[in-house]
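Please take me through this structure stop by stop. At each stop, tell me what to select and what is there.

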Amino acid sequence: MSSDFLDRDCVPLPSNVAAYCFVADAHHWASAAVALGKAGASLLALWGSDDRDHDRCLRVRATYLLPDRVVLVEHAMPAEGAVYPSLTPCFPVAERLQRAVYDLLGIRAEGGDTRPWLRHGGWPPNVFPLRRDVSAAQTYPLVSAPYPFVSVVGDGVHEVAVGPVHAGVIEPGRFHVSVVGEKVLRLEERLGYTHKGVAKRFEGLAQHDGHRLAARVSGDSTVAFGWAYCAALESLTDTIPSARAAALRALALERERIANHLGDLGALGNDAGFAFGLTQFSGLKEQLLRHNAEVFGQRYLFDLVVPGGVARDLSIQAIATLLGEITEFERAVHELRAIYANHEGLQDRFLGAGRLTPDQARRLGAVGLAARASGIARDLRVDQPREPYDRLEPVLAVRLEGDVAARVQVRFDETLESLRLCKLLLETLPLGVLSIELPAAPAGRLALGVVEGWRGPVMVALETGPQGSIRRCHPHDPSWQNWPLIEVAILGNIVPDFPLINKSFNLSYSGHDG
Amino acid sequence: MIHILSRIRRTGCLSEPLPTPDPSESEPTAIQHQLHAVFGRALCIRHVDAGSCNGCELEIHALSNPYYNLEGAGIRFVASPRHADLLLVTGPVSVNMEEALKRTYEAMPEPKWVLAVGDCGACGGIYGANYATRGPISEVIPVHAVVNGCPPSPLAILRGLLHVTRHLAL
């Protein structure tokens with residue numbers, strides 16, 4: 001199958017980006033993946049749904065990201081013995097996603113790893129909680145079982161196991177590191193500890209309330225998720241938020257990016273023994289958060305993005321405050337960047353550590369910031385600029401080295417670029433209403449919202465039910481794609497560099513676990 | 001080096017005085033003295049994310065920035081529950097974290113206190129209880145005090161910590 005089907009058999013899908021849907025049988029499900037892989041697509045998300053009440057079928061859906069569009073491939077299968085062809089031959093990143101789909105819905109991908117991923121014993125193996133006949137209130141006693149980590153044997157090999165509770169203020173996850181001497185031979189991650197049943201919870205919420213849950217899929221990306229959810233809902237109701245609301249959303253998204261990058265730049269300095277960096281950058285981040293609280297009433301901008309627009313406006317005085325902050329931040333970031341660049345001890349730790357080559361990044365399907373640090377020049381704000389990005393002309397940050405130093409440089413570049421974008425947005429803030437009331441979305445429709453969050457592309461797939469209800473909502477965090485990268489980037493590095501390398505990716509556990 | 005020193009000089013001292021536990025009380029230094037009297041200048045905290053969205057973690061991190069300067073108040077995060085006086089827990093408790101949370105609590109020496117941080121930890125928040133979560137922290141381990149907010153500000157968390165040390169630990 002060539003990629004001609006992209007033009008021939010796809011129908012447009014409601015979305016804030018160019019999106020198309022392709023309904024496939026098992027054969028075409030697999031061949032579409034091959035064709036899309038050849039066309040240079042990356043796998044954006046994979047999820048399942050229970051539609052037995054409609055057509056006695058279970059469904060899997062995969063979205064693929066091409067530079068100019070998103071393609072959704074959908075495959076329905078009868079509920080009894082539901083099996084579909086695995087996508088891992090073309091997209092290795094599909095493996096954990098497929099295991100998660102099985103844990104939640106009992107739809108199995110043919111071949112490959114069958115160990116549970118999200119199910120750690122919190123519900124029985126024959127219960128698939130996302131099926132519609134499982135009540136949302138049903139709970140089960142925990143029956144924990146050991147997880148069969150892959151063991152590495154040989155002379156002098158030993159294992160270092162950490163987690164799920166870490167020494168520090170970090171989200172929970174487990175890492176098994178097989179080591180010879182001080183070098184890492186293999187790393188195996190186990191995630192899913194913060195799985196909260198978000199998808200099931202969505203089904204109990206009204207469409208006009210869902211953005212609040214979306215905003216809490218991963219707290220550090222609250223604006224991106226909130227926006228993606230609202231964009232999906234708005235595209236189903238043909239609502240176009242005002243130019244002012246769009247600009248304020250972009251301002252919030254860029255401030256979220258700056259806050260996270262500043263935090264990471266400080267933490268990376270600290271992990272390399274340069275406490276000065278942490279003090280300086282965490283101080284700047286705190287200033288930004290306080291300004292957020294002052295002008296938006298929320299330090300992290302939770303629930304600022306609402307269906308139809310935004311919840312708070314900016315006064316003239318607030319605009320002046322934020323513009324003043326930008327001038328100060330630009331100066332500080334340039335100064336600190338020069339200090340980082342000229343600090344030999346710091347650069348000695350950054351350069352060459354945790355390298356992910358452009359070839360590895362492409363093969364593994366890396367996305368977002370980590371991909372851009374490994375030569376993959378993709379950024380939705382640049383590739384598919386939508387209002388207001390179409391008039392801002394954002395500049396993409398990309399590096400080829402793929403090491404910790406490259407991820408630091410991409411953060412510096414993006415911070416400065418986001419400061420420029422914020423300045424432009426504030427100086428040219430259009431007039432317009434803050435939010436528009438949404439008409440009820442028709443039942444039985446599917447829409448996508450895709451937003452370039454600070455970590456990478458965030459997606460929300462929203463399926464509507466009758467009377468303003470949510471039939472199914474699937475939020476996807478780019479951490480799914482990028483967690484497996486660390487298993488590769490760490491190889492051959494020394495164990496004490498693991499925290500630094502892990503931090504240089506800074507992936508979300510909650511966003512991944514759902 | 002000169003650039004680093006110059007930057008440090010220009011940044012100055014950003015640390016702010018400790019907040020009072022509630023508006024009717026004053027004398028932050030008195031609280032600090034009480035804290036020191038009880039814990040010998042070292043309230044040791046172990047943090048467990050029992051399933052949060054990581055919003056609360058961002059604010060707990062913020063406590064260590066130069067503005068709040070938690071360590072300056074004699075409060076620090078430690079690497080093992082066996083070294084901790086207080087357990088700071090966030091999130092609705094996911095079933096996948098239930099066992100780890102219980103074990104962490106059990107590993108702490110007596111006397112020990114638990115502070116639940118955030119709306120989810122206090123009451124289950126927007127997630128509630130379902131097949132994957134148990135809801136509030138108090139469903140799984142004893143909780144002595146809660147800090148509400150989604151997420152609570154660093155100042156609110158700091159007040160919660162001071163409340164525990166003043167009213168419970170004395």
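Start by selecting domain 1 and domain 3 of chain A in this predicted model, where 10 residues of domain 1 are in contact with 8 residues of domain 3. On the domain 1 side of this contact, 7 residues are nonpolar, 2 are polar and 1 is charged. The C-alpha centres of domain 1 and domain 3 of chain A are 32 Å apart. For the selection, the domain assignment of chain A gives residues 5-109 for domain 1, 157-190 for domain 2 and 240-437 for domain 3.

Next, show the open sheet of chain A, which has 5 strands in the order β1-β2-β5-β4-β3 and mixed pairing. Which strands stand at the edges? They are β1 (11-12) and β3 (42-51) of chain A; each has a single partner strand, so one side of each is left without a neighbour in the sheet.

Within chain A, A:Gly48 stands opposite A:Val60 of β4(A).

Select residues 26-38 for helix α2 of chain A, which lies across β2 (19-24), β4 and β5 (69-78) of chain A and runs at about 160° to β5(A). Then select residues 94-105 for helix α4 of chain A, which lies across β3 and β4 of chain A, at about 10° to β3(A).

Move along chain A to helix α7 (residues 222-236) and helix α8 (residues 243-271), which pack at an angle of about 145° with their axes 8 Å apart. From α7(A), pick A:Val223, A:Ala224 and A:Trp227; they meet A:Arg249, A:Ala252, A:Leu253 and A:Glu256 of α8(A). This helix contact has 5 nonpolar residues, 2 charged ones and no polar ones.

Turn to the contact between the chains, which takes 48 residues from chain A and 43 from chain B. On the chain B side, the elements giving two or more residues are α1 (2-11), β1 (43-49), α3 (55-62) and α4 (95-107) of chain B. Of these, α4(B) gives the most, with 7 residues. The side of chain B that touches chain A divides into 22 nonpolar, 16 polar and 5 charged residues.

Finish on α4(B). This helix has 13 residues and reaches 19 Å from its first C-alpha to its last, close to the expected 18 Å. Among its buried residues are B:Val95, B:Met97, B:Leu101 and B:Tyr105. What covers the buried residues of α4(B) includes β1 and β3 (86-90) of chain B.

Notes: Residues numbered from 1 in each chain as written. Chains lettered and ligands numbered in written order. Predicted model: local features only at pLDDT ≥ 70, side-chain atom pairs only at ≥ 80, totals over all residues. Axes fitted to C-alpha atoms, helices over the stretch in contact; angles between N-to-C directions. Helix = DSSP H or I, 4+ residues; strand = E, 2+ residues; numbered from the N terminus. Contact = placed C-beta atoms within 7 Å. Nonpolar A, V, L, I, M, F, W, Y, C, P; charged D, E, K, R; others polar. Domains from an automatic or database assignment. Expected span 1.5 Å × (residues − 1). Buried ≥ 20, exposed ≤ 12 C-beta atoms within 10 Å, placed from the backbone. Pairing = 2+ DSSP bridges.
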